[in-house]
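Please read it with the coordinates open.

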Amino acid sequence: MDVVNHPNHYTAYKFEVIELTRQLPFDAGNCVKYIVRAPFKNGVEDLQKAVWYARDMLNPASSMMDISTDEQKINSINSLTEYFSSVVQTSDIPCAEIFGSLLSSVVSYSLCNSQFTALELKNNIMYLIDLIEQNRKYRTQVDSYRLSKS
């Protein structure tokens, strides 16, 4: 195992997560990274970081780069997103289904060009963050995690 170039928490999947994240804006890439590695590295802490980056992405001061209109690149991003989202949704992380949806929404928001779609996706991301924070199972696991660290 190469812990620097190919750590287990990024290579546990059919694809390395960097194949997707390097094609995304900073906040979106970090959100995706933390969601995908959560089952193999820091669990709840990684999920909390993912929520932080999703929120920051919605901040008007956050820069959204224009990803590209290259159809092949967009198809590649969509394919990788679908794969990672489905794997995350079936994992044992708290609120796995919701985090899988958050991953998809964050990437879609990064790719969208129309204001209407951006607003719809932004609202979806905020809704998913609220769901995560209100979910009792998630809060219980966060509390357990905090207790185990103190």
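1. Salt bridges. With a salt bridge taken as a side-chain nitrogen of Lys or Arg within 4 Å of a carboxyl oxygen of Asp or Glu, the count is 3. The model is a predicted one: local features need pLDDT of at least 70, side-chain atom pairs count only at pLDDT 80 or more, and totals for chains, interfaces and linings use all residues. Residues are numbered from 1 along each chain as its sequence is written, and side-chain values use heavy atoms, with hydrogens and water left out.

2. Overall make-up. The protein has 8 helices and 0 strands, where helices (H or I, at least four residues) and strands (E, at least two) are DSSP runs numbered from the N terminus. Along the sequence the pattern reads α-α-α-α-α-α-α-α. Of its 150 residues, 42% are buried; buried stands for under 20% relative accessible area, exposed for over 50%, and partly exposed for the range in between (1.4 Å probe, protein chains only).

3. Surface and contacts. The accessible surface is about 8,500 Å², and carbon and sulfur atoms hold 49% of that surface. Areas come from the Shrake-Rupley method with a 1.4 Å probe, and for residues only the protein chains shown count as cover. A contact means heavy atoms within 4.5 Å. Among contacts with a separation of 6 or more, 64% join residues 24 or more positions apart.

4. Asp46 and Arg37. What distance separates the closest N and O atoms of the salt bridge between Asp46 and Arg37? The value is 3.0 Å. Asp46 lies in helix H4 and is buried, at 0% relative accessibility. Arg37 is buried as well, at 7%. The two side chains also make a polar contact at 3.0 Å, a term for a pair of N or O atoms within 3.5 Å; within protein, one must be able to donate a hydrogen and the other to accept it, and residues adjacent in sequence count only if both atoms are side-chain atoms. Leaving out residues up to four places away in sequence, Asp46 touches Tyr34, Arg37, Ala38 and Lys41.

5. Glu45 and Lys49. In this salt bridge the closest N and O atoms are 3.3 Å apart. Both residues sit in helix H4 (residues 44–58), and because they are 4 residues apart there, about one helical turn separates them. Glu45 is partly exposed at 28% relative accessibility, and Lys49 is partly exposed at 27%.

6. Arg55 and Glu133. The side chains of Arg55 and Glu133 meet in a salt bridge of 3.0 Å, N to O. This pair links distant parts of the chain, with Arg55 in helix H4 and Glu133 in helix H7 (residues 115–134), 78 residues apart. Arg55 is partly exposed, with a relative accessible area of 42%, and Glu133 is partly exposed at 34%.

7. Nonpolar core. A nonpolar core is a set of buried Ala, Val, Leu, Ile, Met, Phe, Trp, Tyr and Cys residues joined through side-chain atoms within 4.5 Å. The largest has 41 residues, and Phe84, Phe99, Leu102 and Ile125 have the most contacts inside it. At least two core residues each come from helix H3 (26–37), H4, helix H5 (71–89), helix H6 (96–111) and H7. H6 gives the most, with 9 residues. Setting aside neighbours within four places in sequence, the contacts of Phe99 include Ile35, Leu47, Val88, Ile132 and Tyr138.

8. Ala28. The C-alpha atoms of Ala28 and Val106 are 5.9 Å apart, although 78 residues separate the two along the chain. Not counting residues up to four places away in sequence, Ala28 touches Met57, Val106 and Ser110.

9. Aromatic pairs. Rings of Phe, Tyr and Trp (its six-membered ring) pair if their centres lie within 6.5 Å; planes under 30 degrees apart count as stacked, over 60 as edge-to-face and the rest as tilted. The count comes to 5 aromatic pairs. Trp52 and Tyr53 have ring centres 5.0 Å apart and planes at 80°, so this pair is edge-to-face. Tyr83 and Phe84, with centres 5.2 Å apart and planes at 65°, are also edge-to-face, and both are buried. Phe26, Tyr34, Trp52 and Tyr53 form one aromatic cluster.
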